[in-house]
Amino acid sequence: MIDRRILTHFDFLLPILILPIIGTSYFLIAQINTTQNLKQAVYIIVGIIAFLCAFFIPFRRLNKSIPLFYWICIILLILVELIGTKQLGAQRWITIGSFSIQPSEPIKIAIILLLSAHIQANPPPLHGYGLRQFCILSFYILLPFTLILLQPDLGTALVVLFMGFGTLFLIGVNYKIWVGILIGILIASPLIYGSLKDYQRKRIHDFVSEKPSYHVQQSIITISSGGLIGKNKENATQTQLRFLPIATSDFIFAYFSERFGFVGILILLTIYCLLTLHILTFSMLDPKDYYLKTTACAISLLLFFYVSVNIAMTINLAPVVGIPLPLFSYGGSSFITFMILFGILENLLAFRFNFGYNQSFFRKVKIGRRKISGGGAEPIRIFKNFSYLIFL
């Protein structure tokens with residue numbers, strides 16, 4: 001039997017906001033590619049199973065297992081450099097038979113869990129973290145960032161960087177540290193640009209030049225052709241005639257715009273905004289629960305970064321870096337990662353009574369025991385406390 005308190009604390013608005021995104025994505029992919037449609041159905045099923053598994057894992061009690069998970073992910077990132085499979089000029093996967101894994105996905109989960117556990121054990125002081133704690137937390141972020149950047153995977157590396165340091169900014173770090181970092185970035189920016197790969201510099205050059213790349217040009221044409229309310233499948237010529245490249249993954253927002261127009265864009269962006277802000281509000285439920293606060297901040301920032309960069313690159317407001325639209329683009333890695341993160345978030349919400357209810361209960365039990373020793377205990381109250389213990 002499910003404890004009713006789990007259902008009380010479970011956030012039902014989260015799946016209500018997620019399901020329309022997943023359903024619309026599945027509908028669009030099905031109209032372009034039957035093979036991808038079948039694979040996406042499998043990814044959705046696996047994602048739901050991953051969500052349920054994450055929901056029932058007691059993350060707050062895994063103080064020793066979380067660092068172990070983090071270092072396993074780091075080892076996998078190192079193995080990518082040694083025995084990784086190269087695809088499209090990047091070495092990002094480890095292949096064993098017909099099974100392949102992209103370690104840059106689970107490392108996002110590991111970073112969030114490790115930051116949450118560390119911050120819960122070492123809450124920030126009144127004026128934010130000092131240099132020592134900031135360096136410790138920064139190490140957890142910069143190590144995977146560097147390993148992912150070496151693959152090379154600039155998009156995912158920037159995601160890790162933004163998510164990690166954005167979370168620290170929201171949790172609380174002394175402002176002097178941020179000022180020093182900003183000055184350092186401005187000074188080192190020429191060296192950073194010079195260290196980029198040729199194709200990465202080309203993407204930046206295409207972004208700042210007057211004429212966008214072919215992919216982005218077709219994306220802009222596709223978005224504008226949707227008009228106010230969009231087109232039906234037969235009239236969506238930009239997508240159906242394959243003028244729009246990568247229509248089901250990186251540029252699926254342009255495909256969606258052609259089908260549903262400006263009205264559809266407003267609805268989709270509204271859902272993403274509500275989802276991001278809703279997750280961020282979880283960080284304000286309990287000022288002392290830094291585990292939930294850190295996790296909620298990190299997931300909301302991760303979602304915001306993915307959505308804003310993906311949409312911005314389809315309209316030439318950001319370089320094309322291969323970042324998918326969360327829960328919308330075709331593919332399993334990013335989809336399953338987000339479903340696991342949502343499962344972790346729901347777990348921290350639904351099972352947080354384990355750390356509140358029990359404390360108040362044990363205070364009642366101690367009071368009852370003191371009354372027993374004094375000879376003035378009420379039998380009815382003692383029976384209620386005992387019944388409550390059995391219920392727990």
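Visitor: Is W71 buried, partly exposed or exposed?
Guide: This is a predicted model. W71 counts as partly exposed because its relative accessibility is 38%, between the 20% and 50% cut-offs.

Visitor: How many aromatic pairs does the structure hold?
Guide: There are 18 aromatic pairs in the structure. One of them is formed by W71 and F139, with 6.4 Å centre to centre and 45° between the planes, so the pair is tilted.

Visitor: Where do W71 and F139 lie in the chain?
Guide: W71 is in helix α4 (residues 65–83) and F139 is in helix α6 (residues 131–149). They are 68 residues apart, and the pair links distant parts of the chain.

Visitor: What about Y306 and F338, what kind of pair do they form?
Guide: Y306 and F338 form an edge-to-face pair, with 80° between the planes and 5.4 Å centre to centre. This pair also links distant parts of the chain: Y306 belongs to helix α13 and F338 to helix α14, 32 residues apart. Y306 counts as buried because its relative accessibility is 3%, and F338 counts as buried because its value is 1%.

Visitor: Which residues form an aromatic cluster?
Guide: F10, F12, F55, F56 and F351 form one cluster.

Visitor: What sits over the ring of F260?
Guide: The charged end of R259 does, 5.8 Å from the centre of that ring.

Visitor: Changing topic. Which residues of α2 are buried?
Guide: The buried ones are L14, L17, I18, I21, I22, S25, L28 and I29. They pack against α3 (34–55), α12 (252–281) and α14 (333–350).

Visitor: Why do residues three or four places apart point the same way in an α-helix?
Guide: An α-helix has 3.6 residues a turn, so residues at that spacing point the same way.

Visitor: How many residues does α2 have, and what span does it reach?
Guide: Helix α2 covers residues 13–30, which is 18 residues. From its first C-alpha to its last it reaches 27 Å, close to the 26 Å expected.

Methods:
Residues are numbered from 1 along each chain as its sequence is written. This is a predicted model: local features need pLDDT of at least 70, side-chain atom pairs count only at pLDDT 80 or more; totals for chains, interfaces and linings use all residues. Side-chain values use heavy atoms; hydrogens and water are left out. Helices (H or I, at least four residues) and strands (E, at least two) are DSSP runs, numbered from the N terminus. The expected span of a helix is 1.5 Å times one less than its number of residues. Buried means under 20% relative accessible area, exposed over 50%, partly exposed in between (1.4 Å probe, protein chains only). Contact means heavy atoms within 4.5 Å. Rings of Phe, Tyr and Trp (its six-membered ring) pair if their centres lie within 6.5 Å; planes under 30 degrees apart count as stacked, over 60 as edge-to-face and the rest as tilted. A charge sits over a ring if NZ of Lys or CZ of Arg is within 6 Å of the ring centre and within 35 degrees of the ring normal.
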